[in-house]
Amino acid sequence: MRYVDEYRGEAESRRYLDAIARTATRPWMLMEVCGGQTHTLVRSGIDRMLPETVTLVHGPGCPVCVTSVELIDQAIEIVRRPGVILASFGDMLRVPGSGDDLLSARSAGADVRIVYSPLDALALARKHPDRDVVFFAVGFETTAPANAMAVWQAARAGLRNFSILCAHVRVPPAMEAILSAPDNRVDAFLAAGHVCAVMGYREYEPLAERWRVPIVVTGFEPLDLLQGIHMAVRALEQGRWGVENQYARVVSRDGNRRAQTLMGDVFEVVDRAWRGIGEIPASGLRLREPYRVHDAQARFPVSHIRPRESADCRAGQVLRGVLRPTDCPAFDAACTPEHPLGAPMVSSEGACAAYYRYGKRS
Amino acid sequence: MTATATTTRYAGPACPIPTADYPTVQLAHGAGGSLSRMLVEKLLLPAFDNPALSVLHDGAVLAAEDLCAAAGASASPGRSTDASMATPSMAALRGGARLAVTTDSFVVKPLFFPGGDIGSLAVHGTLNDLAMCGARPVALTVALIIEEGFAMDDLWRVVTSMRAAAAAAGVPVVTGDTKVVERGKGDGLFINTTGLGVVPAGVDVTPARARPGDAILLSGAIAVHGMAIMSVREGLEFETRLESDSADLGPLVQRILETGGEAVHVLRDPTRGGVASALCEIADSARAGMLLDERALPVPPEVRGACELLGLDPLHVANEGKCIAIVAPEREQAILDAMRSHPSGAQAVLVGRITDRRDGRVVVRSPIGGERILEPLSGEQLPRIC
């Protein structure tokens, strides 16, 4: 398959692995920010092929995982109301809130639909004018433009029965939070290529400068990751910092300006609580005032909800790269994909699920 | 998407029920009275017409000769395998043949999908379960649970499709049942089929027979059914020409058994949960290690593209017309050639081997040469694939 197989060659992979082994003279810890990258690493076996000097830790880049318990509880509360259809990406359905998850709400009769695009949720709102259609808008800057587009279209068409429960998060503040944590061990980042496809990488430059850390914008195929790792290790060995772009076939420094304009029109930046990590300043997006009629939190009374997190789940440490999934006492014991305690065990981008699915059980 | 708006439009004879009077199925159609009788006599009997069924007794009574004929069919190379040529004698049954029974319920959504419908799927699914036991099919039963208000034309389409699938396999539907549940208490139509078959003497396929060194053969492209269904599911529609691979694997399995005989150790059709779940189950129950080569897996470009897009692993996606055969290495090439000589196995390939690790784990070698351990599908991939 074009644009895929070229980035999965065995001989080329071998060459990069050799180059990484030759380059790394000291132990380095790299964080791949995006959960999609985590899955490629584990699925293709790269994590087992790297030299011992290079350790990868998995970052917070799984939008499902970092969505707060409070927002999941709100989604469940909203969909239990008569006349509501909640449309969501499939991954969100099994993430536990304080008590239930959306799947069990569905089993109990709530109308929860799986969609693959916010525009499908918009179509549901058109099809059911007598129902309240709420889209659970989860994601990083990658999905924000499509969600902005759905709200913008709803506003233009006067679809007052369409709203979003906005759980959007931004990557750079999360990287800043990781770097500023006292127990941070990350020497360099592989930045999330698809987030940068939208946003470009200008906003990472001050971050790299301030923390003197190499940041390599990296793609998602095995060869992308190997090349990204090589670039990061080379920069570390040479004592360089700054932003490099491995994913140049998709990402430009400025990103997608039209998408950014639309996002800026529809969303504004707010502080946001990340599951397992806590509140990170300026790390979230919410709808601007003119679009507030499409904001589910404004339409439904949800502010009374008081969330509770499982005491056994150490997802926060996993998401910050401080703890490996397999080092969590609950991993493969109290916590499995069938009975997840925390979101990283659920989502297809979650680090715990990746370890579980690809046989990293010790 | 509605049940009737599909790419595979029914073009057969019209429904024999006077649909002007009964455009939809009524509760009374399942109440045992005159409407029930009309449904059976006008719609079901003509579709599945055979001596055992037309008695309309409480159960079907089958002639012992039918079982003997199936049992007498040889599974060894070089001997006649045509059931009609075999001598129907009790000796065949006494010589180590065994009965095989399997049952399966079908709750697929949508009911009509590219490449098939719930009717053909319900027949193929049960025939294939028999085939994976090494059994020759003798008879099928069909139970329909219909939701009140279900379109009579759609019921006719489904029944016609079942008839065609059963007739193609030469297997009679000998008894059945029809129930109607109140509107809102079902999801259109559920079908249960049970299959009865005979495993001839000398055929012994079971996971316990997987041995180190055995070849793992796959009869063709994987993940086609699951992606075809997904492409038409409400909320997930995407444009594709994919059609379900739903098919009767009986003839292919007969060819495998004729060629391989006792060298055929395990047969499995990787339906729900895909190839991954099927292999993990076999590895686990046989305590056998497996090594798969991901590059050898036949995944059509359209399926790969859709899987990449939706974040699915083709190894976890359902198939309805594919067969895994685990066979002794001495006969693997002959069996592979035999599979390829049959239309259902034209793209058969060697995808891996049983290793001597005996740890019950399936290891996949990735395209870049890394290794990972394959896990069965956990939780639901999407609601109700089949």
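A crossing of two helices is left-handed if the near helix is turned anticlockwise from the far one by less than a right angle, and right-handed if clockwise. The model is predicted: local features need pLDDT of at least 70 and side-chain atom pairs count only at pLDDT 80 or more, whereas totals for chains, interfaces and linings use all residues. Residues are numbered from 1 along each chain as its sequence is written, with chains lettered from A and ligands numbered from 1 in the order in which they are written.

**View 1. Crossing of helix 1 and helix 12 of chain A.** Helices (H or I, at least four residues) and strands (E, at least two) are DSSP runs, numbered from the N terminus. The axes of helix 1 (residues 10-23) and helix 12 (residues 222-237) of chain A, lines fitted to C-alpha atoms over the stretch in contact, with angles running from 0 to 180 degrees between N-to-C directions, come within 9 Å and cross at roughly 15°. Helix 1 and helix 12 of chain A are therefore roughly parallel (an angle under 35 degrees), and their crossing is left-handed.

**View 2. Domain 1 of chain A against domain 2 of chain A.** An automatic or database domain assignment divides chain A into domain 1 (5-52 + 172-245) and domain 2 (65-170 + 255-299). In this view, 12 residues of domain 1 are in contact with 15 residues of domain 2 (C-beta atoms, placed from the backbone, within 7 Å). Helix 10 of chain A gives the most to the domain 1 side, with 6 residues.

**View 3. Chain B against chain A.** Here 21 residues of chain B are in contact with 28 residues of chain A. Helix 10 of chain B gives the most to the chain B side, with 5 residues.

Conventions. Contact = placed C-beta atoms within 7 Å. Parallel < 35°, antiparallel > 145°, perpendicular 65-115°, else oblique.
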